[in-house]
Amino acid sequence: MTVRMMVLNGGSSSGKSGIVRCLQAVLPEPWLAFGVDSFVEALPAAMQDSDAGIEFKPDGDIAVGPVFRQLDAAWVQGIVAMCRAGARVIVDDVFLGGAGSQQRWRDAVGDLEVLWVGVRCDAQVAAGRELARGDRVTGMAALQAAIVHEGVKYDVEVDTTHTESVDCARTIARHLT
């Protein structure tokens, strides 16, 4: 079977988005990219900081409500449908529920061939990137650095603590052949 989907999982500011852009540059075929950040940005403003939607807590924690979960499930199904229709897709996600978050993707993809990629980064390095970005709630990166990987099974893992995004992308690309 041919891999039609890559799912990159890592905490906030771990370097997933940079790796995705590099993957799109180094892979010979076109791959679409969809990230959980874009999904969150697509939500109506009323769902930001609401019990039904998504709430970013002052300590960096994130809580999601039932309407968010319903829309997220539809988003996942839509991405899977694109892959089944012939597109190649890279997903940039944050598995806040660890293995449970991966399982929701596994249930959705069924027999679709997926490359599972863990993107790790030292919590202090990710926290420094978070501070430099200025567009994240302080504390998210440190809180997520380890929990997003709990119980998750990967085909390949990269660590962006001291490795450039393009080198991580090349490592991942070697697992597609």
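Two strands count as paired if DSSP finds at least two bridges between them; helices (H or I, at least four residues) and strands (E, at least two) are DSSP runs numbered from the N terminus. The model is predicted: local features need pLDDT of at least 70, side-chain atom pairs count only at pLDDT 80 or more, and totals for chains, interfaces and linings use all residues. Residues are numbered from 1 along each chain as its sequence is written, and side-chain values use heavy atoms, with hydrogens and water left out.

**Exercise 1. Determine the order of the strands in the sheet and state which strands stand at the edges.**

Solution. 
- Step 1. The open sheet consists of five strands, ordered β2-β5-β1-β6-β7, with parallel pairing.
- Step 2. The edges are held by β2 (32-35) and β7 (156-159); each has a single partner strand, so one side of each lacks a neighbour in the sheet.
- Step 3. From one strand to the next, the twist averages 20°.
- Step 4. Between β2 and β5 (residues 89-93), which run parallel, there are four bridges. In this pairing, Leu 32 stands opposite Val 89 of β5.

**Exercise 2. Describe the salt bridges of Asp 92 and Asp 72, and state whether the residues concerned are buried or partly exposed.**

Solution. 
- Step 1. A salt bridge requires a side-chain nitrogen of Lys or Arg within 4 Å of a carboxyl oxygen of Asp or Glu. By this rule, there are six salt bridges.
- Step 2. Asp 92 forms a salt bridge with Lys 16 (3.8 Å, N to O). The pair links distant parts of the chain, as Asp 92 is in strand β5 and Lys 16 in helix α1, 76 residues apart.
- Step 3. Buried means under 20% relative accessible area, exposed over 50%, and partly exposed in between (1.4 Å probe, protein chains only). Both Asp 92 and Lys 16 are buried.
- Step 4. Asp 72 and Arg 104 form a salt bridge, their closest N and O atoms being 2.9 Å apart. Asp 72 lies in helix α3 (residues 66-84) and Arg 104 in helix α4, so the pair ties together parts 32 residues apart in sequence.
- Step 5. Asp 72 is buried, at 8% relative accessible area, whereas Arg 104 is partly exposed, at 27%.

Technical notes
Axes fitted to C-alpha atoms, helices over the stretch in contact; angles between N-to-C directions.
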